[in-house]
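Good morning. I will go through one structure today, beginning with a term and then taking the ligand sites and the sheets in turn.

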Amino acid sequence: MSKVVEISPTTRHEGHSKLVLKVDDAGIIERGDWLSITPVRGVEKLAINKTMDQVPKIASRVCGICPIAHTLAGIESMEGSIRCEIPRDAKLLRIVLQCANKLHSHALHNILTLPDMYIPGTDKKINPFSAEEPVRSHAKRIVRLREIGQTIGEIAGGEAIHPSNPRVGGLYKACTPRAVQKMYDLAKEGLPLAIEQMEFMIAVLRNFQRRDWADVGGKQIPIPKDLGYHNQGYMAAHPMYGSSNLDENPGWNPERWTDVRPWDWYMGEVEVSLADPSYPIGGTSPVGTKANPQMEACTGVPLYDGSPVEVGPRARMVQFKNYDEKGTIGQQIARAMELPDCLYTIINALDEYNPSGKVLADYIPQGDGSLGWAANEAPRGCDVHLAKVKDGRVLWYNMLVPTTWNFPTCSRALTGAPWQLAEVIVRGYDPCVSCATHMIVVDDDKKIVAQKLIR
Amino acid sequence: MAEKITVGHVHMSGCTGCLVSLADNAEGLLTILDKYADLVYGLTLADVRHIPKMDVALVEGSVCIQDKISVQEIKETREKAAVVVAVGGCACYGNITRFGRGGQPNQPQHESYLPVGDLIKVDVYIPGCAPCPQLIRNVCVMAYLLLKGTKDQQELAKKYLAPLMQLAERGTEACGCDLMYDVVNQGLCIGCGSCAAACPVRAITHEYGKPNVNREMCIKCGACYAQCPRSFFNFDVVTEFEAISDLIAGALK
Amino acid sequence: MGTELGKYKLCVSARSTDKDILKKAQDGGIVTQLFKFALEEGIIDGAIVAGQGDEPWRPRPFIATTVEELMTTPGTRYNISPQVSWIKEATRSYGLDKVGIVGTPCQMQAVRKGQLYPVGLRDVDDKIALAIGIFCMENFPYQSIKQLVEDHAGMKLESVKKMDIGKGKFWVYGARGQVVQLPLKVTHKYEQPGCHVCLDYVSNLADVSTGSVGSPDGWSTVFVRTRKGDDIWSKAIGAGCFETKPIEQVKPGLEMVSKLANEKITKNQKTVEERAKFGVNKALRNPYIKP
Ligand SMILES: Cc1cc2nc3c(=O)[nH]c(=O)nc-3n(C[C@H](O)[C@H](O)[C@H](O)COP(=O)(O)OP(=O)(O)OC[C@H]3O[C@@H](n4cnc5c(N)ncnc54)[C@H](O)[C@@H]3O)c2cc1C
Ligand code: SF4
Ligand code: SF4
Ligand code: SF4
Ligand code: SF4
């Protein structure tokens with residue numbers, strides 16, 4: 001008979017989420033639901049009738065780890081709606097900003113997942129904040145990589161968190177040659193560190209993969225070889241940056257997207273029947289606790305071609321680089337492999353950038369209510385914002401953010417794993433839960449979307 | 001070395017940008033954790049699932065009063081923490097959540113977001129969106145000195161923290177309009193430009209030396225007013241900028 | 001002497017040794033010379049100065065990163081230039097790591113508050129490499145200067161070569177040699193209201209502060225206040241940037257500076273106190289007590 005375990009809240013990711021797991025007698029997950037329980041701030045709805053300039057600034061604030069993705073996706077969805085092409089040099093600085101953010105975000109994610117991993121050759125888990133070697137040296141490298149990412153982002157974007165420089169039509173300020181030089185030097189400094197960090201992460205992850213067990217709350221839990229495997233598809237709009245409806249060959253297609261409410265997808269009410277007070281730290285929910293994922297889930301379930309998809313580093317690499325390693329470890333390795341790529345892309349963009357070029361479109365149309373969308377490849381995956389702007393005001397706004405795509409996919413990936421390792425799988429997705437407090441509705445809007453695009 | 005203080009990060013309805021900002025102290029954060037503070041709670045960084053007792057709670061985000069867990073957690077935070085610091089515009093003033101009006105799936109009833117100070121007593125404010133790593137750092141160092149320092153250090157920490165405590169007393173509403181209400185309208189503006197520099201959405205320009213706020217850009221973070229030298233200016237502290245900067249830099253060595 | 005002159009390590013009378021700077025400068029060319037030296041030595045990689053705005057004699061903050069750019073900015077414009085508004089951008093799209101800034105005493109207060117309480121000034125606090133403060137009795141809105149020059153002095157703003165406040169008068173020098181002096185009692189009503197609660201005359205919080213008062217014409221009084229200021233000043237002296245005289249040996253000397261500083265502080269302290277009972281049992285706000 002299957003039993004129900006609840007881990008609430010889950011830790012070492014951004015925002016509030018929980019796991020409701022049906023497990024068999026051996027503790028193997030038969031069905032898992034991972035859901036956001038972060039209150040819904042309702043950015044899509046509060047956006048209505050605000051200005052197209054303000055809404056992306058508000059949207060940025062759904063996530064402080066990848067605010068750049070939301071800022072850029074927000075702005076570019078507005079530009080997509082009003083049909084505004086931005087100058088080339090503005091685009092180049094946006095690319096720099098994008099990659100700088102990804103660098104910091106991936107490095108931060110490394111800090112969050114490392115405590116699940118072991119120092120190779122030992123049975124000692126990694127505490128990234130420990131002052132002891134060898135951990136401290138690795139921590140310092142991660143810290144420096146983040147610092148480099150945040151500093152480059154700050155120069156190109158005005159702020160490291162919630163960039164102020166991007167605006168509808170381009171950017172407020174171009175970067176001077178000195179600023180370009182500084183970013184360039186930082187990127188050059190970061191490159192060997194990023195390569196080192198990639199190699200370190202891969203070594204640690206492979207080491208975990210080779211282990212038979214992981215310690216969870218004093219128990220040795222067997223690590224299945226297919227930890228985190230799923231059979232869902234992948235979705236990515238671009239190998240690094242993103243795409244929008246203004247592109248000649250858009251990398252995303254709104255017609256392939258549908259949406260289900262949690263009501264139709266998550267489990268109904270269940271009662272916790274298995275509790276483990278020794279689960280770190282604070283134990284699982286006590287027996288008798290009621291859980292009701294379909295009611296509690298704060299996000300919807302977006303589908304691409306009718307099924308949940310994975311988005312993120314691996315999705316990008318599967319789509320564009322023939323990568324094929326499955327499971328939690330494969331996913332994290334893909335992320336590590338993106339680290340150097342962030343810096344190569346920054347260096348190339350800066351090489352092309354002309355500091356005396358203009359960064360703001362000469363003419364910014366105010367919009368006629370047409371649909372625009374932008375699919376930004378955020379650190380955690382494809383972040384699609386859709387907007388309709390009329391007379392400079394937002395009529396309609398939707399955000400299909402990375403973790404919203406990943407919730408259902410990751411839920412599927414839990415099946416077959418010992419429940420004690422469920423959080424390890426979740427963390428592999430680099431979840432950023434508070435951004436995922438948005439949901440799209442299956443309604444007439446969907447049809448309008450399709451029609452407009454055919455036109 | 002005196003013992004460390006215990007610090008927790010409580011995440012309400014915020015974006016985690018405030019926490020990222022704390023982390024952006026880079027090696028400074030490692031030093032703080034090595035020497036001055038044990039991070040005893042913080043869902044993003046630590047595995048602790050339930051709010052423990054702590055010296056200082058850094059609260060990020062506003063509170064959704066339609067969400068039982070949030071309301072319960074903020075009350076618990078007050079009970080468990082000796083000092084509650086509202087970190088960032090959302091916790092202090094509501095920031096963008098002031099615009100929330102519900103109606104969004106899957107929880108359309110999540111409509112009302114309150115700054116932390118509307119539900120519990122808050123001791124210290126760190127406004128801004130995101131708040132600056134350096135201000136968070138300074139407050140952490142001063143909180144340490146206040147709780148574990150020598151007599152002189154305690155005096156200094158008190159003086160340093162005083163205006164940030166007074167900001168907490170001042171209220172839970174902020175917006176670019178404060179520059180008009182409480183500075184220009186009060187005959188105090190000197191056209192220094194600090195407000196424009198501080199604004200994270202470039203909502204402020206200066207027209208003939210005085211601030212103009214684009215109210216359709218302002219997100220209500222409260223940075224401009226708190227940064228204005230005519231909101232507060234404590235001579236006894238700012239005049240000692242050189243010594244205090246040295247002290248903080250020394251503490252992070 | 002009390003606290004009216006702030007803390008300082010050194011006070012001298014000085015002027016630049018660069019003829020070109022002296023020709024363009026308001027007084028002894030201290031500000032421009034020191035920034036020029038700091039730029040050339042890599043002590044700063046840019047300076048926020050008051051450049052030419054959209055209208056005659058209207059300043060706007062301007063980031064000079066070369067000596068050439070710097071040389072377009074000497075001279076005093078007696079109206080508001082929100083210098084601090086660029087302090088963050090200087091470290092962003094301009095890419096500066098070592099920022100110089102010149103400003104009035106209140107702007108120095110803003111800079112130091114911003115370093116100790118950086119609410120919205122991320123990563124700026126350690127990038128202020130040289131803050132030069134100027135002395136300041138009061139500042140004016142642009143319209144005030146326009147009215148003073150065009151109505152009271154009977155000159156077009158466009159044809160003014162220099163303005164100066166000194167020896168108890170407001171001086172307007174025309175391009176064709178006219179000189180008009182207005183008694184300061186005429187200028188008072190035109191002052192920026194915020195100045196009336198200002199309790200700093202000589203930029204107590206700058207690294208180096210300077211003004212004409214205390215020194216003979218064409219010379220400036222200079223206070224070197226901080227470690228940073230001291231370091232840069234002594235290097236500049238070593239490099240022969242300035243001619244100096246002990247302040248004790250010049251007329252009218254430090255006493256004059258003290259006198260004016262005390263007058264300003266006493267007068268404005270009174271205003272601060274009067275604000276406490278401005279209405280009927282209603283006070284105006286006092287920023288020195290709480291926000
Ligand atoms: C509003 C105001 C009031 C003043 N009141 C007095 C006074 O009462 N007593 C006294 O001794 N000195 C006063 N000064 C200072 C004096 O006029 C000179 O600016 C100072 O002596 C520097 O001269 P200098 O030759 O060394 O600088 P210069 O080499 O001529 O350079 C002057 C610098 O000041 C900057 N500047 C010009 N206008 C402004 C402005 N509005 N705001 C900020 N920066 C500006 C310029 O960018 C330039 O860098 C006042 C200055 C101002 C702006
Ligand atoms: S104040 Fe800004 S950075 Fe902090 S939680 Fe709110 S939106 Fe995020
Ligand atoms: S910061 Fe300066 S310019 Fe802005 S309101 Fe305050 S005094 Fe005026
Ligand atoms: S004007 Fe800018 S700094 Fe002031 S509250 Fe609004 S957003 Fe914040
Ligand atoms: S008098 Fe004071 S407040 Fe006015 S401009 Fe001068 S320094 Fe600033």
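First, the term: when I say helix, I mean a DSSP run of H or I with at least four residues, and helices are numbered from the N terminus. With that in place, helix H4 of chain B gives the most to the shell around ligand 2, with 3 residues. Please keep in mind that this is a predicted model.

Let me stay with ligand 2. Around ligand 2 there are 14 residues, and those that come nearest are B:Cys15, B:Cys18, B:Gly89, B:Cys90 and B:Cys129. The surrounding residues come from chains A and B, so this site is shared between chains. Two elements give two or more residues to the shell, namely helix H1 (17–23) and helix H4 (88–93), both of chain B. By class, the shell around ligand 2 has 5 nonpolar, 7 polar and 2 charged residues.

Now to chain C and ligand 1. Here 31 residues surround the ligand, and the closest are C:Asp27, C:Thr32, C:Ala50, C:Thr76 and C:Arg77. C:Ala50 has a backbone N or O atom 2.7 Å from an oxygen atom of ligand 1. C:Gly29 also places a backbone N or O atom by an oxygen atom of the ligand, at 2.8 Å. With C:Tyr201 the side chain takes part: one of its polar atoms lies 3.1 Å from a nitrogen atom of ligand 1. How much of ligand 1 does the protein bury? Taken alone, the ligand exposes 890 Å², and the protein buries 99% of that. Helix H2 (30–40) and strand E2 (46–52) of chain C are the elements that give two or more residues to this shell. Of these, H2 of chain C gives the most, with 3 residues. The shell divides into 14 nonpolar, 14 polar and 3 charged residues.

In chain B, 5 strands form an open sheet with parallel pairing, in the order E2-E1-E3-E5-E7. Why is one side of E2 and of E7 left without a neighbour in the sheet? Strand E2 (37–41) and strand E7 (124–126) of chain B stand at the edges with a single partner strand each, so one side of each has no neighbour there. On average, neighbouring strands of this sheet are turned by 30° against each other, direction ignored.

Within that sheet, strand E1 (residues 5–11) and strand E3 (residues 54–60) of chain B pair in the parallel sense over 5 bridges. B:Gly8 stands opposite B:Ala57 of E3 in chain B. Across E1 and E2 of chain B lies helix H2 (residues 27–36), which runs at about 95° to E2 of chain B.

Chain C has an open sheet with antiparallel pairing, formed by 3 strands in the order E6-E7-E8. Its edge strands are E6 (160–166) and E8 (179–183) of chain C, and each pairs on one side only. Neighbouring strands here are turned by 15° against each other on average, direction ignored. Strand E7 (residues 169–174) of chain C is joined to E8 of chain C by 5 bridges, the two running antiparallel. The bridge partner of C:Lys169 in E8 of chain C is C:Pro183.

Methods
Residues numbered from 1 in each chain as written. Chains lettered and ligands numbered in written order. Predicted model: local features only at pLDDT ≥ 70, side-chain atom pairs only at ≥ 80, totals over all residues. Heavy atoms only, no water. Near = heavy atom within 4 Å. Polar contact = N/O pair within 3.5 Å; in protein donor to acceptor, adjacent residues only side chain to side chain. Areas by Shrake-Rupley, 256 points an atom, 1.4 Å probe, with all protein chains shown as cover. Nonpolar A, V, L, I, M, F, W, Y, C, P; charged D, E, K, R; others polar. Pairing = 2+ DSSP bridges. Axes fitted to C-alpha atoms, helices over the stretch in contact; angles between N-to-C directions. Contact = heavy atoms within 4.5 Å.
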